[in-house]
Amino acid sequence: MRIKKFRAQTLPEAVSMMKAEFGDDAIILHTKIVKRSRFFGLFGKKQYEVLGAVDPNATTSKKTVTQANQPSGVASQQGQDWGVEDGSTAIQFLYQMLSKQELSHDLAVKIVKAILQQVPKQEWNETSLLKMKLRTEISNLIHVDEPWEFSGGRKVVALVGPTGVGKTTTIAKLAANYHLIARKKVGLITLDTYRIAAVEQLKKYADIMNVPITVVYSSSGLASALAAYADMDLVLIDTYGCSHHNQERMSALKAAFEELIMEKYLVISATTKSNDLMAIIDAFKDLGIDNLIITKLDETQTYGILVEAPSYAQVPIAFVTNGQSVPDDIEIAENDQLTSMVLEG
Ligand SMILES: Nc1nc2c(ncn2[C@@H]2O[C@H](COP(=O)(O)OP(=O)(O)OP(=O)(O)O)[C@@H](O)[C@H]2O)c(=O)[nH]1
Ligand SMILES: [Mg+2]
């Protein structure tokens with residue numbers, strides 16, 4: 001399958017460009033309006049973008065209704081031609097289900113190709129079969145962690161991630177659940193001394209829950225703070241937010257963690273755009289990330305990140321959060337539930 005983006009001032013023009021290059025057998029996978037910015041997006045000219053695809057091996061010129069008259073791509077977006085006996089409608093159907101959830105183009109294509117390889121061509125019009133295969137593919141890509149066990153000794157978990165994603169709130173939720181409900185001995189440490197308010201924020205939660213908290217002011221201080229918590233079941237370490245562009249903070253964090261035994265959980269907001277997600281994961285990978293926590297699921301209606309993040313980072317999701325309430329709005333990541341969110345929205 002060849003796939004390419006075509007841009008023009010009008011949608012019919014973009015479609016014509018696609019047909020001129022790909023021929024009449026080309027199909028529209030996706031259409032969108034894009035702004036070609038001149039000054040930081042202001043006064044940008046509107047353009048139409050068509051994502052077209054063609055099978056270079058196709059010998060037939062048989063067209064579906066969607067292919068024959070595709071002035072706007074709206075029909076394909078509504079998925080009206082599922083039942084037609086032609087592979088292209090299967091591709092459209094699957095691709096659109098994924099792009100609706102804002103999965104990156106590359107991953108969506110990978111998933112669609114994997115499904116078409118498994119399903120014989122004569123069954124490509126069976127949407128229930130395609131849906132079943134899609135569920136399996138998505139489910140296989142959403143890696144989730146095992147629920148926490150405390151039989152193997154003390155568990156030390158540091159939460160790292162970009163600013164404002166919900167690290168401190170998630171620490172409070174975890175501390176409350178594991179201390180107040182699971183009755184574990186929990187100790188808190190914060191490295192976030194950049195802002196007085198950040199320390200106060202966690203101290204307030206610690207006081208309410210009656211769990212100890214240690215504020216670490218230097219990169220060497222973490223080792224002694226951990227030593228003082230030797231008898232805890234769970235130690236949760238809050239860190240300052242690191243923009244993935246801020247090398248200085250990232251290096252300081254790396255230095256603070258040096259040679260200490262702990263797990264590092266990367267916290268990412270579900271509202272993160274696909275490109276930013278990859279840049280964030282790339283930046284934090286250097287710290288050695290063991291797990292992911294996806295926050296703010298309540299602030300989005302597209303859940304592609306649940307597939308994208310663990311696939312790209314190659315580590316499982318441990319928890320998801322879905323609101324500001326401590327301790328309620330957190331759940332242990334569960335494959336079936338997350339798969340359903342991606343498929344059903
Ligand atoms: N809607 C929603 N808001 C959340 C969620 N988790 C955290 N928040 C909110 O996000 C904001 C930032 O949360 P923090 O916990 O301070 O984020 P942080 O990552 O510690 O921020 P920095 O320490 O500044 O990097 C707060 O208003 C939280 O209430 C969530 O799951 N859903
Ligand atoms: Mg914080």
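## Two roughly parallel helices

Let's start with a helix pair: α11 and α12 are roughly parallel to each other, because angles under 35 degrees count as such and theirs is about 30 degrees. Helix α11 covers residues 274-285 and helix α12 covers residues 305-313, and their axes lie 10 Å apart. The structure you are looking at is a predicted model.

The crossing of α11 past α12 is right-handed. On the α11 side, the contact is made by Ser274, Leu277, Met278 and Ile281. On the α12 side, Ile305, Glu308, Ala309, Tyr312 and Ala313 take part. Sorted by class, the residues of this contact are seven nonpolar, one polar and one charged.

## An oblique pair

Now for another pair, α5 and α6. Helix α5 spans residues 105-118 and helix α6 spans residues 127-141. Their axes are 10 Å apart and meet at an angle of about 125 degrees, so α5 and α6 are oblique to each other. Here too you can look for the handedness: α5 passes α6 in a right-handed crossing.

Where do the two helices touch? From α5 come Ile111, Ala114, Ile115 and Gln118, and they meet Leu130, Lys133, Leu134 and Glu137 of α6. The contact of α5 with α6 holds five nonpolar residues, one polar residue and two charged residues.

Is Gly304 buried or exposed? Gly304 is buried, because 22 other C-beta atoms lie within 10 Å and 20 or more is the cut-off for that class.

Gln101 is 203 residues away in sequence, yet the C-alpha atoms of Gly304 and Gln101 are separated by 4.9 Å. Leaving out residues up to four places away in sequence, Gly304 touches Gln101, Glu102, Leu103 and Val342.

## Around ligand 1

Finally, have a look at the ligand site. Ligand 1 is surrounded by 19 residues, and the closest are Gly166, Thr168, Thr169, Gly241 and Thr321. Which helix gives the most to this shell? That is helix α7 (residues 167-181), with three residues.

Note on methods. Residues are numbered from 1 along each chain as its sequence is written. Chains are lettered from A and ligands numbered from 1 in the order in which they are written. This is a predicted model: local features need pLDDT of at least 70, side-chain atom pairs count only at pLDDT 80 or more; totals for chains, interfaces and linings use all residues. A residue is near a molecule or strand if its C-beta atom, placed from the backbone, lies within 6 Å of it. Helices (H or I, at least four residues) and strands (E, at least two) are DSSP runs, numbered from the N terminus. Axes are lines fitted to C-alpha atoms, for helices over the stretch in contact, and angles run from 0 to 180 degrees between N-to-C directions. Angles under 35 degrees count as roughly parallel, over 145 as roughly antiparallel, 65 to 115 as roughly perpendicular and the rest as oblique. A crossing is left-handed if the near helix is turned anticlockwise from the far one by less than a right angle, and right-handed if clockwise. Two residues are in contact if their C-beta atoms, placed from the backbone, lie within 7 Å. Ala, Val, Leu, Ile, Met, Phe, Trp, Tyr, Cys and Pro count as nonpolar, Asp, Glu, Lys and Arg as charged, and the others, Gly among them, as polar. A residue is buried if 20 or more other C-beta atoms lie within 10 Å of its own, exposed if 12 or fewer, and partly exposed in between; C-beta atoms are placed from the backbone.
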